[in-house]
Amino acid sequence: LKDTEVVTRSRKACLLRSTGTMGQAGQQRTRQRSYGNKNAKKVSNTKVQKKAPALKKNIAPGSVLILLAGKFRGRRVVFLKQLESGLLLVTGPYALNGVPLRRVNQRYCIATSTKVDLKGADYKSVDDKYFARAAEKKAKKTEEGFFSAESSKSQMPQEKKDGQKKMEEPIMKGLSADMKSYLKARFSLSANMYPHELKF
């Protein structure tokens, strides 16, 4: 019996050494390994140029749009061209409904089937830089300036006002009386009117 007990004990010791178990709980030893991804791609610092979004099929130069957001929401405007940034250049004209030359995102406007003749109108000089604001120097804060009620509002330069009048003159000449009243009227929904059932 003693010889068999010695044999069984030696076998158990060999098994413990081979499996690497520790203690009575039988916890296995774990080895720390680093699993680094050697084939990971390096991030390049090259900037991707953003392409301007494609113009909607039902929008063309001279088509009348309805603005859905912003200061002039509900107003009808005339589409002139698409700028490099992808925004749409529109005008009221200003003499009719008070909408000046503006940049509008095509997501926030409804294209109608009505069109205006743009013969003679030249808007090649108008681009995204035309709408850039002039950098103003910030004055030092004083007690007088803090308590003064007058707030300086940024106004359009006189040169841009004169240029806008010249640009809009050929459009205004080609508008009929009905078209002028149509552009002046603000778009709104009344009772029993559903946008998805309307044909613009």
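The entries below go through a handful of residues one by one. I kept in mind throughout that this is a predicted model.

**Entry 1: the salt bridge**

I began with charged pairs, since side chains of opposite charge can pair when their charged atoms come close. How many salt bridges does the count come to? The count comes to one salt bridge, and I found it between the side chains of R103 and D128, at 3.4 Å from N to O. R103 sits in strand β6, residues 102-104, while D128 belongs to the loop between β7 and α3 (143-147), so the pair ties together parts that are 25 residues apart in sequence. I then checked how open the two partners are. R103 is partly exposed, at 34% relative accessibility. D128 also counts as partly exposed, at 21%; I noted that the cut-off for buried is under 20%.

**Entry 2: V90**

Next I turned to V90, which I located in strand β5. Is V90 buried or exposed? V90 is buried, and its relative accessible area is 0%. I listed its contacts, setting aside neighbours within four places in sequence: V90 touches L65, V77, V78, F79, L80, P100, L101, R102 and V104.

**Entry 3: a cis peptide bond**

I looked at the backbone next. The peptide bond leading from G92 to P93 is cis, and its omega is near 0°. I placed P93 in the loop that runs between β5 (88-91) and α2 (94-97).

**Entry 4: T112**

I picked T112 in strand β7, which covers residues 109-115. T112 is buried, with 6% relative accessible area. What does the side chain of T112 reach? I found that it reaches the backbone oxygen of V64, at 2.5 Å. V64 turns up again in the contact list of T112, which, leaving aside neighbours within four places in sequence, holds S63, V64, I66, Y182 and F200.

**Entry 5: N192**

My last stop was N192, in the segment after α5 (177-184). N192 counts as exposed because its relative accessibility is 71%, and the cut-off for exposed is over 50%.

Notes
Residues numbered from 1 in each chain as written. Predicted model: local features only at pLDDT ≥ 70, side-chain atom pairs only at ≥ 80, totals over all residues. Heavy atoms only, no water. Helix = DSSP H or I, 4+ residues; strand = E, 2+ residues; numbered from the N terminus. Buried < 20%, exposed > 50% of the residue type's maximum accessible area, 1.4 Å probe, protein only. Polar contact = N/O pair within 3.5 Å; in protein donor to acceptor, adjacent residues only side chain to side chain. Contact = heavy atoms within 4.5 Å. Salt bridge = Lys/Arg side-chain N within 4 Å of Asp/Glu carboxyl O.
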